[in-house]
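User: I'm new to this structure and would like to learn how to read a few of its features. Could you walk me through them?

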Amino acid sequence: MLGLEATARALAAGETTSVDLTTQVLAAIGQSQPTLNAFRLVRQAALDEAAAADCLLREGARKPLLGVPVAIKDDVDITGEPTAFGCAGEFPAAKADCALVGRLRDAGAVIVGKTNTPEFGQWPITEGLAFGATRNPWDLTRTPGGSSGGSAVAVAAGLVPAAVGSDGAGSVRIPAAWTHLVGIKPQRGRVSSPDLFHGITTDGVLARSVADAALLLEVLADEPFRDAANVEPGRLRIGLSLRPAFNGVRGVVLDPLVRAAVVRLARVLSSLGHEIVVVNPDYGLIGLNFLPRSLGGVHDWHSRVPDQALLDPRTRDNSRLGALLRGQGLRAANATLRLAQRRIGRVFDRVDVLLTPTTATLPLPIGAIDGLRGWQTDQAIVRACPYAWPWNVLGWPGINVPAGLTPLPVGAQLLGPANSERKLISLAAQLESVEQWDQRWPS
């Protein structure tokens with residue numbers, strides 16, 4: 001599978017057709033489903049949309065993604081298809097495209113299907129009673145991460161050149177890390193409505209290369225990002241931070257293999273001329289700002305499910321707790337957000353960009369949270385993924401870049417202050433030019 005840009009160029013040059021590509025993609029998805037299980041829904045209507053794209057191409061029309069097959073996460077609406085967001089039950093077909101799907105259509109993309117995600121995107125795994133387990137193409141006994149795990153698998157396995165996900169606590173960056181991809185979480189409000197999960201969730205992108213990820217982000221945001229991948233970042237002061245935010249959970253330990261991979265990237269960045277310093281942001285009690293938003297969002301989605309008895313008991317418990325926190329807890333979270341941004345943002349008086357692990361562990365085994373109670377589940381996922389979620393509270397951009405194979409994939413985050421996507425993209429592209437992670441595929 002060619003990358004996003006290369007596919008668009010091949011279509012524009014007449015080297016292939018959208019119908020041929022879409023036919024191949026649909027066949028590959030069908031062959032992979034029994035093993036990888038990346039998709040919740042596959043759209044045969046994509047072939048008609050591909051044929052329409054071919055007509056436009058023959059007429060000389062040019063759009064950024066005209067005829068290019070892509071995938072979306074099953075948490076957004078596309079006309080005529082249900083949006084189950086990882087849940088079991090009979091969901092009604094959406095009556096209209098959401099804004100994100102509208103932007104993809106305007107760019108000419110052919111949406112081949114909706115990818116798997118855990119219930120309401122709550123966990124950094126992609127498993128559930130509604131669809132089973134989505135498996136990591138680098139090791140079928142491991143999860144690809146979550147909650148945008150299906151989108152990550154679709155790209156990592158070469159089923160599509162790029163895919164859309166959403167990130168509310170690392171849900172783009174974590175699966176990108178565990179499947180050897182670039183994953184961009186943009187600034188709050190850049191793509192999604194800022195009130196999605198009360199401000200912590202935004203749509204993001206997954207691709208094999210920085211340029212492809214930047215192109216897809218440009219389409220979704222309708223702002224220029226692709227050209228940033230061709231701009232040298234200049235000499236930057238990069239803060240290496242290995243300490244996670246305070247979370248109140250014992251046993252959070254950075255796996256030595258992950259630590260070594262992130263430190264190695266710091267050395268690579270140093271060899272590229274950047275200054276590396278050790279810093280740790282003052283996170284404080286930022287978790288108190290996160291929980292009312294995340295659990296309040298679970299409660300919001302809970303009411304949309306046609307049969308709530310089919311939900312995981314942990315989801316129902318989280319919804320009940322979210323109902324309690326939505327009032328005073330959410331008001332307090334909103335009132336203290338700017339204080340948290342100022343306190344944590346002071347680190348950018350000292351550095352331009354932060355480099356941190358994306359996760360604390362290697363990809364979790366399939367079934368890692370099966371049978372756990374709610375608090376046990378929370379402890380397990382925080383021990384594995386304590387690094388990504390603060391940036392969702394802050395609403396600032398971050399990019400996962402592959403940090404190497406151990407032999408399982410692990411990742412590192414490049415994090416910036418408000419409106420720093422272009423700087424992060426430039427730095428990630430410079431790093432990719434040396435690391436060439438887009439040349440490595442799962443066997």
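User: Let's start with a loop. Where does Asn 419 lie?

Analyst: Keep in mind that this is a predicted model. Asn 419 lies in the loop between E13 and helix H14 (421-435). Its backbone is worth a look too: phi is positive, about 60°, although Asn 419 is not a glycine.

User: Is Asn 419 buried or exposed?

Analyst: Exposed means over 50% relative accessible area. Asn 419 has 55% relative accessibility, so it counts as exposed. Now try Asn 37, with phi near 60°, again a positive value in a residue other than glycine. You'll find Asn 37 in the loop between helix H2 (18-32) and strand E1 (39-42).

User: And why does Asn 37 count as buried?

Analyst: Buried means under 20%, and Asn 37 counts as buried because its relative accessibility is 12%.

User: Next, peptide bonds. Which residue is joined to Gly 146 by a cis peptide bond?

Analyst: For this one, look at omega. Ser 147 is joined to Gly 146 by a cis bond, with omega about 10°. Ser 147 sits in the loop between strand E5 (132-133) and helix H5 (149-156). Another cis bond runs from Thr 406 to Pro 407, with omega near 10°. Pro 407 is in the loop between strand E12 (398-405) and strand E13 (409-415).

User: Last one, helix packing. At roughly what angle do the axes of H4 and H7 cross?

Analyst: Roughly 115°, and the axes come within 8 Å. H4 and H7 are therefore roughly perpendicular to each other. The crossing is right-handed.

Key
Residues are numbered from 1 along each chain as its sequence is written. This is a predicted model: local features need pLDDT of at least 70, side-chain atom pairs count only at pLDDT 80 or more; totals for chains, interfaces and linings use all residues. Side-chain values use heavy atoms; hydrogens and water are left out. Axes are lines fitted to C-alpha atoms, for helices over the stretch in contact, and angles run from 0 to 180 degrees between N-to-C directions. Helices (H or I, at least four residues) and strands (E, at least two) are DSSP runs, numbered from the N terminus. Angles under 35 degrees count as roughly parallel, over 145 as roughly antiparallel, 65 to 115 as roughly perpendicular and the rest as oblique. A crossing is left-handed if the near helix is turned anticlockwise from the far one by less than a right angle, and right-handed if clockwise. Buried means under 20% relative accessible area, exposed over 50%, partly exposed in between (1.4 Å probe, protein chains only).
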